[in-house]
Amino acid sequence: VELTANNQNIFLARFNSSATAEDAVSFGSAGGGVDTAAALALDPEGNPVIAGAVENEVDFGGGQRGSDKSIYVAAFDADDLSHLWSNAYGTTKLGLVFDLAVDATGNVFLAGGIDGAITVDGNNYTSIGDVDLLLLALEPSGSDVLFWKALGSTSKDAMHTVSASPPGRLIAGGFVSAALDLGAGPLTYDSGTESFIARYQP
């Protein structure tokens, strides 16, 4: 399988048990740029869901998505890697994706960070520090945002890992630089950069 690229592009490939590529697709933002696929997870039907960042608009198969410096989530059919759905969220400076999870019902969860402003589901957020933490949850078709959370201190904070834990719980972890309130009251914080783990009910 041969792919083409206009700079640093995203690719998704399917391999058989002999490690031979059966299908592969690639995507690049308009005008070139450094685009990344930072995380991959499978939905309950085995369809791959990927997430990362792009420098400009990109078409995953369902039309142009995003804008300058966007983070994205996109799902593809496991049989032929055709497009199922895709979403992108533009930022004014920098968007980071660190991890992705899908629960038993197909809900999709993204862990990352944001520097600058971002708009999700019609709501705006502007980072307080260098990087603020970001947690995003989408329903199985990607069309609706179940919830999203962004917050931070005047320094660096990020949501680095996420896992869907039955029954219907979400476990997320990362680091903070202040006594942030992740939803259950301010964290106990001493100094420097400290790790955290949090549990959410979507």
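**View 1. The two faces of strand 11 and its pairing with strand 12.** In this predicted model, strand 11, which spans residues 117-120, has a covered face made up of Ile118 and Val120 and an uncovered one made up of Ala117 and Thr119; strands are DSSP runs (E, at least two residues) numbered from the N terminus. Strand 11 runs antiparallel to strand 12 (residues 123-126), and four bridges join them, where two strands pair if DSSP finds at least two bridges between them. Within this pairing, Ala117 stands opposite Thr126 of strand 12. The two strands form a hairpin with two residues between them, and Asp121 in the turn has a positive phi of about 55°.

Residues are numbered from 1 along each chain as its sequence is written, and side-chain values use heavy atoms, with hydrogens and water left out. Since the model is predicted, local features need pLDDT of at least 70 and side-chain atom pairs count only at pLDDT 80 or more, whereas totals for chains, interfaces and linings use all residues.

View 2. Asp132 lies in strand 13, which covers residues 132-138. Asp132 is buried yet has no salt bridge, and the nearest side chain of opposite charge, that of Lys93, is 11 Å away. Here buried means under 20% relative accessible area, exposed over 50%, and partly exposed in between (1.4 Å probe, protein chains only), while a salt bridge is a side-chain nitrogen of Lys or Arg within 4 Å of a carboxyl oxygen of Asp or Glu. A polar atom of the Asp132 side chain lies 3.2 Å from the backbone nitrogen of Gly129. When neighbours within four places in sequence are left aside, the residues in contact with Asp132 (heavy atoms within 4.5 Å) include Gly112, Tyr125, Leu151 and Asp157.

**View 3. The salt bridge between Asp115 and Lys93.** Asp115 forms a salt bridge with Lys93, with the closest N and O atoms 3.6 Å apart. This pair links distant parts of the chain, since Asp115 belongs to strand 10 (residues 108-115) and Lys93 to the loop between strand 8 (83-90) and strand 9 (94-102), 22 residues apart. Asp115 counts as buried because its relative accessibility is 13%.

**View 4. The network of Arg14, Glu22 and Asp23.** Salt bridges link Arg14, Glu22 and Asp23 in a network. Arg14 meets Glu22 with the closest N and O atoms 3.4 Å apart, and the side chains of Asp23 and Arg14 meet in a salt bridge at 2.4 Å, N to O. Glu22 counts as partly exposed because its relative accessibility is 40%, and Arg14 is likewise partly exposed, at 23%.

Terms used. Lys, Arg positive; Asp, Glu negative; His and termini not counted. Polar contact = N/O pair within 3.5 Å; in protein donor to acceptor, adjacent residues only side chain to side chain.
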